[in-house]
Amino acid sequence: MELARVFLLVLVFCISSCSSFLLPAQGSLQNHINRKLGHRVSFISQPPSPPPESNSNDAVFDVLSFGAIGDGVTDDTPAFKMAWDAACQAESATLLVPNGYSFMIQSTIFTGPCENGFVFQIEGTLMPPDGPDAWPKNNSRRQWLVFYRINGLTMQGGGLIDGRGEKWWNLPCKPHKGVNGTTLPGPCDSPVALRFFLSSNLTIQGLAIRNSPQFHFRFDNCRNVYVDTITIRAPSLSPNTDGIHIENTDSVRIYNSLISNGMFRVLTSSEAPSLGLSIHQPNEYIYIYINLTPGDDCISIGSGCYDVDINNITCGPSHGISIGSLGNRNSRACVSNITLSNSVIKHSDNGVRIKTWQGGSGSVSGVKFSNIHMDAVRNPIIIDQFYCLSRACANQTSAVYVSDISYTNIKGTYDVRSPPMHFACSDSVPCTNLTLSDVELLPAQGEIVLDPFCWNAYGASETLTIPPVFCLLDGVPRSVLENDIEQC
């Protein structure tokens with residue numbers, strides 16, 4: 001009996017000691033297993049599989065983790081689609097395009113809706129296939145990256161979006177390829193680089209984009225768009241490469257950005273005759289733009305836009321900043337409450353422009369241009385209600401009604417090939433309530449100040465302008481008072 005008690009005590013002691021000795025080893029084994037699992041690459045199946053887990057509250061979805069290569073050659077479209085679908089389902093997610101990689105992506109539609117706080121962080125380079133021949137036949141040639149029904153997306157970063165547009169610009173159908181700016185037959189569709197469609201509460205900031213085959217940014221049927229500190233560049237011979245185009249979009253703010261989609265040269269008098277220019281001073285340098293360069297607008301505002309604020313933009317070389325063209329093919333256009341202020345337009349074919357086709361209807365109203373510096377701009381202030389891309393446009397009686405347009409503190413220099421102010425309004429639907437204040441525009445070369453041009457334009461100068469504007473008509477035209485002009 002005594003021997004049994006001793007054996008039992010020894011057994012209890014061993015169990016107690018051995019268990020305390022073995023537990024750390026068991027914990028170490030479990031920690032080792034956890035570390036191994038933590039480094040395992042998660043397999044992401046097609047949606048609606050849940051997104052991979054993240055170690056932080058704000059999930060980061062790196063496209064490299066979804067199989068992207070980033071060598072500029074491999075098609076990374078599937079990896080981007082999987083990363084987008086996963087990030088879209090996560091709260092406060094960041095879809096990361098890492099620095100040091102170039103990702104080639106096919107024409108793709110990124111769809112929403114997504115969870116709140118979605119950030120598309122672009123630190124590397126995004127690029128499409130290189131030209132029409134490399135573009136898959138089944139893919140749309142009118143758009144590259146489309147963002148559809150997205151609410152609350154922020155697209156930002158220090159990366160680059162490279163549209164690789166040169167081979168598209170050289171299609172035979174492009175304006176600069178034919179004789180005297182004519183076009184040649186052949187397919188002409190070219191993709192918009194980034195298009196946002198039926199989306200809201202968008203923020204685009206800090207990005208650089210260059211060389212789009214066509215428009216760089218396009219916003220269709222969007223609301224609450226904020227664009228800040230972006231850079232857009234395209235060289236000469238890049239037709240229809242508008243920096244930012246908006247259509248049927250409201251509550252837009254475009255701030256603190258640089259847009260250049262043309263080329264400027266300084267020519268000597270000896271070079272001028274080759275471009276059809278005559279210079280009377282033998283050693284005179286003149287400002288001239290490459291007229292073979294179609295280029296396009298820094299910012300263009302299409303029909304259905306209102307409550308648009310543009311501030312602190314450096315624009316040019318380019319075609320300037322435009323409202324329109326509006327009323328094409330007898331369509332109805334409505335644009336209102338547009339403000340452009342504190343900006344520079346340089347070495348451009350136009351400064352601030354409103355352009356409409358004959359035969360349209362609707363109205364443009366409540367437009368304010370203020371505190372704008374012009375540097376060697378061919379048409380600093382222009383309203384053109386006879387806009388036409390050829391000489392074959394027929395005269396029509398209906399027109400978009402242009403009214404309540406103000407020009408305040410617009411100063412600088414203009415290219416003497418065109419008058420500094422050009423108000424060409426419809427014969428049947430005159431422009432009304434045009435007001436000018438503190439406008440001073442001097443020739444970029446020479447000393448001859450050209451007179452402004454007016455046609456059926458009603459308004460007044462509230463201060464002395466340089467040059468003086470004596471051609472504006474007073475009051476309200478009888479045709480506006482007596483006729484029921486369709487407005488928006």
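**Exercise 1. Is Cys 188 buried or partly exposed, and at what relative accessibility?**

Work on the predicted model. Then place the disulfide partner and the handedness of the bond.

Solution. 
- Step 1. Cys 188 has 33% relative accessibility, so Cys 188 counts as partly exposed.
- Step 2. A disulfide joins Cys 188 to Cys 173, with 2.1 Å from S to S.
- Step 3. The torsion about this S-S bond is about 90 degrees, so the disulfide is right-handed.
- Step 4. Both Cys 173 and Cys 188 lie in the loop between helix 3 and strand 11 (192–197), so the pair ties together parts that are 15 residues apart in sequence.
- Step 5. At 6% relative accessibility, Cys 173 counts as buried.

**Exercise 2. Describe two further disulfides, one at Cys 298 and one at Cys 388.**

Solution. 
- Step 1. Start with the total: the structure holds seven disulfides.
- Step 2. Cys 298 is bonded to Cys 315, the sulfur atoms being 2.1 Å apart.
- Step 3. The S-S torsion of Cys 298 and Cys 315 is about 95 degrees, so this disulfide is right-handed.
- Step 4. Cys 298 sits in the loop between strand 20 (285–289) and strand 21, and Cys 315 in strand 22 (residues 305–315), so the pair ties together parts that are 17 residues apart in sequence.
- Step 5. Cys 298 is buried at 0% relative accessibility. Cys 315 is buried, also at 0%.
- Step 6. Turn to Cys 388, which forms a disulfide with Cys 393 at a sulfur separation of 1.9 Å.
- Step 7. The torsion for Cys 388 and Cys 393 is about 85 degrees, so the bond is right-handed.
- Step 8. Cys 388 is partly exposed at 23%. Cys 393 is partly exposed at 33%.

**Exercise 3. Which residue forms a salt bridge with Asp 130, and which parts does the pair tie together?**

Solution. 
- Step 1. A search of the whole structure finds ten salt bridges.
- Step 2. Asp 130 pairs with Arg 164, the closest N and O atoms being 3.8 Å apart.
- Step 3. Asp 130 lies in the loop between strand 7 (125–127) and strand 8, and Arg 164 in the loop between strand 10 (160–162) and helix 3 (166–169), so the pair ties together parts that are 34 residues apart in sequence.
- Step 4. Asp 130 is partly exposed at 31%. Arg 164 is partly exposed at 22%.
- Step 5. Next, Arg 210 forms a salt bridge with Asp 162, with 3.1 Å between the closest N and O atoms.
- Step 6. This pair links distant parts of the chain, with Arg 210 in strand 13 (residues 208–210) and Asp 162 in strand 10, 48 residues apart.
- Step 7. Arg 210 is partly exposed at 36%, whereas Asp 162 is buried at 11%.
- Step 8. Asp 415 and Arg 417 also meet in a salt bridge, at 3.0 Å from N to O.
- Step 9. Asp 415 is buried at 1%, whereas Arg 417 is partly exposed at 24%.
- Step 10. Look for shared partners. Such salt bridges join Asp 130, Arg 164 and Lys 167 into one network.

**Exercise 4. How many strands form the open sheet, and in what order?**

Solution. 
- Step 1. Eleven strands form the sheet, in the order 5-8-11-14-17-21-23-25-27-29-31, with parallel pairing.
- Step 2. The edges are strand 5 (108–111) and strand 31 (453–455), each pairing on one side only.
- Step 3. Neighbouring strands are turned by 15 degrees against each other on average, direction ignored.
- Step 4. Take one pair inside the order. Strand 17 (residues 244–247) and strand 21 (residues 299–301) pair over three bridges. His 245 stands opposite Ser 300 in strand 21.
- Step 5. Helix 2 (residues 77–88) lies across strand 5 and strand 8 (143–148), at about 10 degrees to strand 5.

**Exercise 5. Characterise the surroundings of Ala 79 and Thr 432.**

Solution. 
- Step 1. Ala 79 lies in helix 2 and is buried at 4%.
- Step 2. Leaving out residues up to four places away in sequence, Ala 79 touches Val 63, Phe 66, Gly 67 and Ala 68.
- Step 3. The C-alpha atoms of Ala 79 and Gly 67 are separated by 5.4 Å, though twelve residues apart along the chain.
- Step 4. Thr 432 is in strand 30 (residues 431–443) and is buried at 5%.
- Step 5. With sequence neighbours up to four places away left out, Thr 432 has contacts including Tyr 401, Asp 404, Tyr 458 and Pro 477.

Note on methods:
Residues are numbered from 1 along each chain as its sequence is written. This is a predicted model: local features need pLDDT of at least 70, side-chain atom pairs count only at pLDDT 80 or more; totals for chains, interfaces and linings use all residues. Side-chain values use heavy atoms; hydrogens and water are left out. Helices (H or I, at least four residues) and strands (E, at least two) are DSSP runs, numbered from the N terminus. Buried means under 20% relative accessible area, exposed over 50%, partly exposed in between (1.4 Å probe, protein chains only). Contact means heavy atoms within 4.5 Å. Two strands pair if DSSP finds at least two bridges between them. Axes are lines fitted to C-alpha atoms, for helices over the stretch in contact, and angles run from 0 to 180 degrees between N-to-C directions. A salt bridge is a side-chain nitrogen of Lys or Arg within 4 Å of a carboxyl oxygen of Asp or Glu. A disulfide is a pair of cysteine sulfur atoms within 2.5 Å.
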